[in-house]
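Me: I have a new structure open and I'd like to learn how to read it. Could you walk me through it, piece by piece?

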Amino acid sequence: MLENVPAAELSCVGRGVERIDTVEKLSGAAYYTGDLRFPGMLFAKVKRSPHAKARIARIDTHKARALPGVHAVLTGADLDVRVGLYLVDKYVLARDVVRHFGEAVAAVAAETPEIARKAVDLIEVDYEPMTPVLDPAKAIENGAPLVHPDLGSYDYVKEVFSPVGGTNIANLSKYRKGDVDKAFAEADLVVEREYTNPSVQHVPMETHVTVGQWQPGDKIQLWTSAQSPFTVRNLFCHAFKLSHNQVRVFIPYVGGGFGGKAGIHLEPLACSLSRAAGGRPVKIQATREEEFSLLPCRSGLVNRIKTALTKDGRILAQQMTMLWDAGAYADYAVNVTRASGYSAAGPYEIPAARIDAYTVYTNKPFGTAYRGFGHVEFSWGTERHMTVLARAIGMDPLEFRKRNALRPGSITLTGEVIREHTGNVTRCMETVAKAIGYGEELTPEWQQRELETGRRIGKSVVALHKAPAMPPFTGTAVVLRMNEDGTVIANLSLTEIGAGTYTSLAQIIAEALKFPIERIKVPVENDTDRDPYDWQTVASKGLMLCGNAAILAARDLLGKAYDMAAQVLRANHCDLDHDADRIFVRHNPECQVPFRALAVGYAYPNGNGIGGPLVGVGRYIAQGLTNLDKETGQGLPALYWTYGAHGLVVEVDPVTGEYDVLKVASAFDVGKAINPSAVRGQIIGGMIQGLGTAMCEGYIYDANGKLLNPNFTDNKIPTSLDMPAEIEAFVVETPQVDGPFGARGVGEHSMIAICGALGNAIQDACGADLTKMPIRAEDVWRALETAGPLLESSATIRNRAACNTRER
């Protein structure tokens, strides 16, 4: 939509506009859910299980209830309510059985947080510990202990998912393409490997927080730090069997989400406590430790890849078994499994494929959406595997990737044909390769660095793709209202979670109206009673869907303004034009009427009025998508594909395994950069977040399923000291035909595949063959102890050549 407008004709789109929420956030004027205070508000705390799996033999709450200042105490026995996004499997509070360490078994609402904490400590719980199942590979074996014995009776979305009752398989997604057996029989070489990822925490700056009030007449008001107000409302109504007009959800400013706030979490508990406390509002805010165990994380993955290829570097077939560790509840993990399956080949054409992606229950904190929606995890294996394949046949890894890259005419795993406007992954790879000097001699500075430090420098280039993971009928709406002075307010329900999308939407609206951006206001807060519907703020779909809806809303508003102006000016509609301030007759510009005179209806000198308030409505829904066939995975799931690439340079101590990232260059085909500054921010921010999961992040459990590192002391995230010494971000623009001004999303993509880039660069530097994340110095050291000749590093070869030169 408007993808062919020349850049020279754009006044707002394509410019690095300052974010519209900058002043509020920097000055402290922005208010978050945690800042809210209401008369009579109570504070909630939860009692959490110290066991990964246990029967609840007894809960005694008498002492807690007797504590002065306590107004409500609830246990699972009081709440026969299940919630679930795609598979309804989770009680608000554990009933009879706890299924993961940290699960809530009781909750208290009291006059102060301190009283609530003391009351929680007074609750006595007797457990009968049971043997947990912690390994997803063992969890799917016959006879494995069941996390959910009643799985076969749960409600779920039958058109899309396939839980297997009597097992720990919450979902199985299958993908089939071509004749896999024939391809393996004809292959010159077959390579089979396994790659693993642990669970990882989202660590948003603002932890989960909700204020809930259950009012008389079963009217619910919720203020919550969530990514998707209408999803919270819908799931809440489904769980409590309420009408949607009984529940109102407010979203103030949100301090980061990364997918962890996309579903429903603390909201049912806050409202249940409010009801038990006579309707007083109840606030519950998770501590940082509770973020790690009470609330969801990113799912772990065991990824088994078997590939058939020819000696000249063509991939013939790929077989993949993906075991997604969902933890105790399905939540988003079933859809992560689905999306990972149809993207699992990466941005490469695989003529024949057999992929089985399992969502597996274990007795761990449950998995949910996370930036990249499964692609960060599987791309670790895919991109490590691509380099291993290239080395196995003696081909340069970049050339191997380019030879197998998707291009116009290629067929994806689900049968979609790649078009000219889909994007250009090869150009992304070439851009970052040039930026890091891939395939070239080290710079004199880096050569000297190797000699002085004894460290070895390695380089790598990886590629990636991702499409929005969403229902094929996902829709949204934008409403534009003109104020009396000709300024415009835009109402929508895409949540601004820190990506800067609202600023880009303001630019799109300003461009479509031909107004200066200062005249456009996009309120950050959301309200399900006042704002139009949006599905969810996930999947990097917001810019495209809301952007198109915004353009349609602008056209609708202008159309109504032109209708009024045509009457006022006694002119044909087709003879009118406008600028930022007025509508005028093109062949007689002095014949004009200002927008402010039309904003709330035009009034003639005698007092007669026409028109009415100017309101524009834009609705947009995904076009041409389908559900996937459950047996073959064939169908059209992708709204669009965003391609990208990373180039990475690392230096490694070949003795200790210690390493530092010297440079990262990233390039993404965004179609059209609506706000280049925001795109750069997304590229760099996501890349750093991805490096964190690659270098140091990950849950660690003991043999009984207890989480050993639920804090920043033991579960590290990157700091400024871990930043690469040099970072470059590049934009490639292949306009998306159905994108707003040709744009496509890039919010998640920069986090994808950077893990593989690091692993491959380390291998290039010192020969360490890495298959597990995260990559700590000790992991590199262990890998160095077992490095084989196939994996000899480029730096070792380079160093040997230098030694030979010196000897001569």
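Me: Which helix holds Phe378?
Reply: Phe378 sits in helix α10, where helices (H or I, at least four residues) and strands (E, at least two) are DSSP runs, numbered from the N terminus. Before we go on: this is a predicted model, where local features need pLDDT of at least 70 and side-chain atom pairs count only at pLDDT 80 or more, while totals for chains, interfaces and linings use all residues. Residues are numbered from 1 along each chain as its sequence is written, and side-chain values use heavy atoms, with hydrogens and water left out.

Me: Is Phe378 buried or exposed?
Reply: Buried means under 20% relative accessible area, exposed over 50%, and partly exposed in between (1.4 Å probe, protein chains only). Phe378 has 2% relative accessibility, so it counts as buried.

Me: What is Phe378 in contact with?
Reply: Contact means heavy atoms within 4.5 Å. Skipping neighbours within four places in sequence, Phe378 is in contact with Leu301, Asn303, Met322, Ser340, Ser343, Ala344 and Gly346.

Me: How many residues of helix α9 are buried?
Reply: In α9 (residues 333-343), 11 of the 11 residues are buried, so this helix is largely enclosed by the rest of the structure. Its buried residues include Val334, Arg338 and Tyr342. They pack against β9 (169-177), β17 (315-327), β18 (352-361), β19 (367-368), α10 (375-392) and β20 (456-466).

Me: How do I describe two helices that pack together?
Reply: Two packed helices are described by the angle between their axes and the distance between the axes. Axes are lines fitted to C-alpha atoms, for helices over the stretch in contact, and angles run from 0 to 180 degrees between N-to-C directions. Take α10 and helix α18 (residues 754-766): they pack at about 30°, with axes 7 Å apart. Angles under 35 degrees count as roughly parallel, over 145 as roughly antiparallel, 65 to 115 as roughly perpendicular and the rest as oblique. α10 and α18 are therefore roughly parallel to each other.

Me: Which residues meet there?
Reply: From α10 come Val376, Trp380, Glu383, Arg384, Thr387 and Arg391, and from α18 come Cys755, Gly756, Gly759, Asn760, Gln763 and Asp764. They divide into three nonpolar, five polar and four charged. Here Ala, Val, Leu, Ile, Met, Phe, Trp, Tyr, Cys and Pro count as nonpolar, Asp, Glu, Lys and Arg as charged, and the others, Gly among them, as polar.

Me: At what angle do α6 and α7 pack?
Reply: Helix α6 (residues 229-240) and helix α7 (residues 267-276) pack at about 55°, their axes 10 Å apart. That makes α6 oblique to α7. Val232, Phe236 and Phe240 of α6 make the contact with Glu267, Pro268, Cys271, Ser272 and Arg275 of α7. Those residues are five nonpolar, one polar and two charged.

Me: Which residues touch the most other members of the largest nonpolar core?
Reply: A nonpolar core is a set of buried Ala, Val, Leu, Ile, Met, Phe, Trp, Tyr and Cys residues joined through side-chain atoms within 4.5 Å. In the largest one, of 229 residues, they are Phe236, Leu598, Leu648, Leu758, Ile762 and Val780. Helix α15 (residues 542-569) gives the largest share of this core, 18 residues. Apart from it lies another core, of 18 residues, among them Ala54, Val70, Ala119 and Ile123.
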